[in-house]
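We'll begin with the overall make-up, then look at the inside and the surface.

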Amino acid sequence: MPMWWTLVSESLMKEDFCLSKSRNAMKNNVLSENELIEALGKFNIHDHICQICDTQEEQLEIAVPFIKIGLERGEKCIYVVDYQASQVPINALQNGGIDVKNVLKAGTLSIFDKKQVYLNQGNFDPDKTIQYWQKIIASAKMEGFNALRVVSEATGLLAGNHNIEKFIEYEAMLNCYFPGIDAVAICQYNRKQLPPEVIANIIHTHPKIIYRGLVCDNFYYVPPDELLKPNQKALEVDRFLGNIYTHERNNIALNRENTRRKYAEEELKLQEEKISAILKSVGEGIITINQDSVIQFVNQELCNIFGYSKNEIINQKLEILIPQKYRDDHHKGIENYIKQGKAKILGKRVELEGLQKNGKAVPIDLRIEETIVEKGGQRFFTAAIRDISDRKQKDEQIKMLFQAVEQSASCIVITDTNGNIEYVNPKFNEITGYTLDEVIGQNPRFLKTGKTTDEEYQHLWKTITHGGTWQGEFYNKKKNGEYYWELAQITPMRNQEGVITNFLAIKEDITDIKRTEKERTELREQLFHAQKLESVGRLASGVAHDFNNILTGIIGYANLSQLELQDDDPVREYIHKILSTAEKAATLTQSMLTFSRKQSINARPENMNTIIKNAEIFTTMLMREDIEYILTLSDTNPVVMADNTKIEQVIMNLVSNARDAMPDGGKLMITTGIAEINDEFIKSRGFGTKGNYALISVSDTGTGIDEEQKEKIFDPFFTTKPVGKGTGLGLSIVYGIIKQHEGFIDVQSKCGKGSTFNVYLPLATSKIKAQERNFIQEAFTTRASDNKTILIAEDDESVRYLIKKSLEKFGYTVVIARDGKDAIDKFMEHKDNLDLLILDVKMPGKNGKEAYDEMKKIRPELKAIFLSGYSEDIVDSNIFRKEGLSFIQKPFLPAKLLENVRCALMQ
């Protein structure tokens, strides 16, 4: 310990220093704040105290801690205030650490004005006031309080020219009652607002008195039995003279003590002047506290550190310099040391934070030593404190720089001038796989693969040793043998004299960039593949009309043939096979068209189970013998608004992918059900809109999908299949169809554990039911009425003949035309007898819509049905539907045509 420290500690802790403390304290209060609180805490139940004060501030200095002590002891507290200034004491209570709002709400504290207590019936009545307090005490005891604690500002009552004799009688009566009631009270009187004789009478009535912070027994107190006797004045004089005699004897002893203190103060002043010179030369803040954590001494440097003046710090609690987070530890440390003599930081230099006057935390370095005063055994603690803000800031900058290097996304390597590694950051370890211990002291040449020429290394070394910066690429090898590309920049590091001391290399892994050319090649192949698909789509779109006309004939004639056969005719099975094959061909055409353009959906209420069941004809044909096919349909028969053709396409794609994921066989399961998408579902999955949905799950026991693939699985052209085995469009088409239906799709999968694709389609409203009618039977069993006449315009002879025979079979009169112009001519011949038009959309010369528009001018009410074998990018069926006209896409069953005819004629 330095000599100046010993001198300061011992000088400040002498008994004279304690006298100096008392001298300074007398300028304000005789007792310090802690001493005052300690004195107030000694008041117990049955004590009746009088406070004589000069200011309201003095009143509050006593009232606030007095009430706070009562609240801590579980006593019911009442504060009787001057009603003209009730907010002032409330603010003082709040500032004194009392949560006024809560204690008032809880009933542990009540605040009344003098009218409520003393003048509740207009005039002051001692007996009624005593009865009032007895009632309050009884109520408090019933509420579970230990006792009643009262602070009363009584000045305002006496200053109101009320009967002083009654009030003196009341105070005397209180003294009679206090030994038998559970209460403690302080009556407060402002000496400057009352006549001297009133103050004298008040002093006579209280056993204990407080004045200017001094708490003591009142030797001018006159007991009630004497004060209320007829000869009380004579008794009072005797007591007064006796007290005066005692008081004067005490004054003689006090004067002697004051003389001694005067010399002690002068000696202390010399001591303070001696150490002042030492403290000014010390570059540290010095502070001394007593064992109650009250600050006894500070030097100017400490004031500079914390921003206070000496007067603002001396006699204050050390808490004003301690941030809130350290205060509990400080109190516990002091208590443990006083009790056990153990301290964690005593005699050690530690770093923590202090609290400046402006509320900011300041980093400090301190060392604490203890001094014990010989007389009295009091403990004092002196600390030397340094402001280490600048050092902390530099440390933080160094720490930040180190973190930047350690957390850099680039490899950073530092070598000595011989090229031996002295430092590598974690990124180097991450990329190369070598640990720090494995590379320190090594030359980076252990990463070489031979792909970088010796000439390039020689150029590198020559450049950096001559003070230049080299930049280039390395093809290096990792610890696991994997090769990687890196772009490196190597530059010399110099000391303050400009001498090269190290070399710094900053390197980036550019392996992914080097793979760009390969990726571009793959992209070109994908593009070429997509162009081929587009060509297929265009081809399909171009031949769709003729192909659909052919399919219409096959399906139609087969359907008509089926109607001519008996139920037990074996030919019926062959006809059924023909129809199934033709339907597959129609589905294939629609699938091919999907690759070339977006198709609109024709949604209507559909039973999801029915869609899955109908698609089973095709899905089972996709299965191999080594795959077990399991179909589980929900009992709830979920109904959705859907285009059944598009949903069948979704099922076909998912089943096809599941089959390919099981090259060695397995199980494929399709299930339907109902699922609810709620907030929890959306939060966990990251998608969805709240509601009830029909659920289709397609599961397999195949190879599964890893996390990286799952992120891209619905992207166009992404495929995990070998070249030539997949287009990468199947799942993107599935995704698009589901989105068109305002639904959602996701995949649950793990490598080697199979996959499950879940499709969520919004349930239709409860009033909507799926169309389950047997259109074929209904159409084929319904005969035309009133011999309706229908004009057919179709450029394909086979289709034209099929339509004619189908309609005539069921009682309709048919007029046929070869094209649009012929249709207009036939219309003009039969315009008064025609009931319906059936027109092919695309025909030579004049198309069906143009022909219809001309005929409509003559017969505006005439209904029409339009047919087309073209794809929807050529013929937009919505145009016809918006005008209330029927549209049938080829190929179609005769039953569907008959149903549309019947509906059109009924409108």
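## Overall make-up

The protein has 34 helices and 29 strands. Keep in mind that this is a predicted model. Of its 907 residues, 43% count as buried. If you take the contacts with a separation of 6 or more, 65% come from residues 24 or more positions apart.

## Inside

The largest nonpolar core has 35 residues, and the ones touching the most other members are Tyr118, Trp133 and Tyr189. Several elements each supply at least two residues of this core, among them the strands β1 (48-53) and β2 (76-81) and the helices α10 (164-177) and α11 (196-204). The biggest contribution is from α8, with five residues. Another core lies apart from this one: it counts 32 residues, including Ala642, Leu668, Ile737 and Phe757.

| Core | Residues in core | Some members |
|---|---|---|
| Largest nonpolar core | 35 residues | Tyr118, Trp133, Tyr189 |
| Another core | 32 residues | Ala642, Leu668, Ile737, Phe757 |

## On the surface

Which residues form a nonpolar patch out here? They are Phe547, Ile550, Ile554 and Ile578, with about 330 Å² of accessible area together. Helix α22 (residues 516-564) brings the largest share of the patch, three residues. Ile554 sits in that helix, α22. Ile554 has a relative accessible area of 39%, so it counts as partly exposed.

Terms used
Residues are numbered from 1 along each chain as its sequence is written. This is a predicted model: local features need pLDDT of at least 70, side-chain atom pairs count only at pLDDT 80 or more; totals for chains, interfaces and linings use all residues. Side-chain values use heavy atoms; hydrogens and water are left out. Patches are made of residues with over 30% relative accessible area and no salt bridge: like charges are joined within 9 Å, nonpolar side chains (Val, Leu, Ile, Met, Phe, Trp, Tyr) within 5 Å. Accessible areas come from the Shrake-Rupley method with a 1.4 Å probe; for residues, only the protein chains shown count as cover. A salt bridge is a side-chain nitrogen of Lys or Arg within 4 Å of a carboxyl oxygen of Asp or Glu. Helices (H or I, at least four residues) and strands (E, at least two) are DSSP runs, numbered from the N terminus. Buried means under 20% relative accessible area, exposed over 50%, partly exposed in between (1.4 Å probe, protein chains only). A nonpolar core is a set of buried Ala, Val, Leu, Ile, Met, Phe, Trp, Tyr and Cys residues joined through side-chain atoms within 4.5 Å. Contact means heavy atoms within 4.5 Å.
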